[in-house]
Amino acid sequence: MYILGQGIKNIWRNKLFSLASIATMSACIFLFGLIFSLVLNFQEMVHEAESGVTITVFFDEDITEEEIKALGETISQRAEVEKIEYISAEEALEQYIEEYMNGSEEAAAGLAEDNPLADSANFEIYLNDIAMQSTLASYIEGLDGVRQVNQSVVAANILSDFNKLVGYVSAVIIIILIGVAVFLINNTVAIGITVRREEIAIMKLIGATDIFIRGPFMIEGMLIGLIGSVIPLTILYFLYVKIVAYIGNTFQFLADILSFLSVGRVFVVLVPVGLLLGVGIGFIGSVLTMRKHLDV
């Protein structure tokens, strides 16, 4: 309790620097949370786009239904496969009539007896990760009973590269923000050590342990990190709800294009990560400062 009390007193003694550190930490965590929310939503949108990219597998003309079933079971065991849908020749014809002939009943009746897509039965294969598409397609091409494999190479490359770009840019920004926050906390704790230098010397003379002397400064850094995390996370929570509701109500035409994650799905991850990040930055900043300025 003494160490905790001294840590709080250190913050109060250096109000100006403490407020500057808390403000900087809040700005860093706010930007981190903003980027984190955007990245989660981008990844969800990319994942939805990826879910529409499939590998289409066509069979040999003389293949039997039993062989098709066995082939599907073999492919479904692969780690890359999320699910497989079998489209028969009849279903392929129905899709063709619906898409290109506006569902014309006369066209359906005329083609029913002589199906031009008799050899178009296929598997539509959905993947867990679109980056695995080429590997899976190469494997399927080597299986018996497979006549042709169609894959969307361009779409896969674009989505995969976009995912990587978002990840790299986010990582660079977050590292810069963490560096700025550590620097500010470093300075704040250094000022506290300077102010209490005589008191620390007396404590050492009467036999105070290292942890007894260092403890208040660690508490100071961690409290600054905690306060600097709670404030922006609270603001972000209400801001996210308002922005998603505003976009949904004002730009209704975007509803079919953009699908935002619910506030619960975002903040169930963001809150613990943000708090741990804030406290961790505060702890690391104070430890680095003590090693440089505090000889105990």
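Q: Which elements each supply at least two residues of the lining of the largest cavity?
A: The helices α2, α7 and α10 (263–293) each supply at least two residues of that lining; helices are DSSP runs of H or I with at least four residues, strands are runs of E with at least two, and both are numbered from the N terminus. This is a predicted model, in which local features need pLDDT of at least 70 and side-chain atom pairs count only at pLDDT 80 or more, while totals for chains, interfaces and linings use all residues. Residues are numbered from 1 along each chain as its sequence is written, and side-chain values use heavy atoms, with hydrogens and water left out.

Q: What makes up the secondary structure of the protein chain?
A: The chain has 10 helices and four strands, which follow one another from the N terminus as α-α-β-α-β-α-α-β-α-β-α-α-α-α.

Q: What lines the largest cavity, and why is it called a cavity?
A: The residues lining the largest cavity are Cys 28, Ile 29, Phe 32, Ile 174, Leu 177, Ile 178, Leu 277 and Ile 281. It is called a cavity because, on a 1 Å grid over the protein atoms alone, a 1.4 Å probe fits at its points but cannot get out, whereas a pocket is an open set with protein on both sides within 12 Å along at least five of seven lines; lining residues have an atom within 4 Å of a point. The volume of the largest cavity is about 40 Å³, and the structure holds one cavity of 30 Å³ or more; such a volume is the space filled by probe spheres set on the grid points, which are joined across faces, edges and corners.

Q: How do you know the class of the lining of the largest cavity?
A: The lining has eight nonpolar, no polar and no charged residues, where Ala, Val, Leu, Ile, Met, Phe, Trp, Tyr, Cys and Pro count as nonpolar, Asp, Glu, Lys and Arg as charged, and the others, Gly among them, as polar.

Q: Which residues lie nearest the centre of the largest pocket?
A: Of the 15 residues that line the largest pocket, Leu 38, Asn 41, Tyr 240, Ile 243 and Phe 260 lie nearest its centre. Two or more lining residues come from each of α2 (15–51) and α9 (210–250), with α2 giving the most, seven residues. The pocket has a volume of about 240 Å³, and its lining comprises 12 nonpolar, three polar and no charged residues.

Q: What makes a nonpolar patch of Leu 31, Leu 34, Leu 38, Phe 42 and Phe 162?
A: These five form a patch on the surface with about 410 Å² of accessible area together, and four of the residues, the largest share, come from α2. Patch residues have over 30% relative accessible area and no salt bridge, with nonpolar side chains (Val, Leu, Ile, Met, Phe, Trp, Tyr) joined within 5 Å and like charges within 9 Å. Phe 162, in helix α7 (residues 153–195), has a relative accessible area of 35%, so it passes the patch cut-off of over 30%.

Q: Why is Glu 80 called buried?
A: Glu 80 has a relative accessible area of 8%, and it is therefore buried, since buried means under 20%, exposed over 50% and partly exposed in between (1.4 Å probe, protein chains only). Its salt-bridge partner Arg 78, at 25%, is partly exposed.

Q: How do you know that Lys 83 forms a salt bridge with Glu 85?
A: The closest N and O atoms of Lys 83 and Glu 85 are 3.6 Å apart, and the pair therefore meets the rule that a side-chain nitrogen of Lys or Arg lies within 4 Å of a carboxyl oxygen of Asp or Glu. Arg 78 and Glu 80 also form a salt bridge, at 2.8 Å from N to O, and the count comes to two. Both Lys 83, at 40% relative accessibility, and Glu 85, at 33%, are partly exposed.

Q: Why does Val 149 count as buried?
A: Val 149, in strand β4 (residues 146–150), has a relative accessibility of 13% and so counts as buried. Val 149 is 94 residues from Ile 55 in sequence, but their C-alpha atoms are 6.9 Å apart in space.

Q: Why does Leu 275 count as partly exposed?
A: Leu 275, in helix α10, has 28% relative accessibility and therefore counts as partly exposed. Its C-alpha atom is 8.9 Å from that of Ile 29, across 246 residues of sequence.

Note on methods. Areas by Shrake-Rupley, 256 points an atom, 1.4 Å probe, with all protein chains shown as cover.
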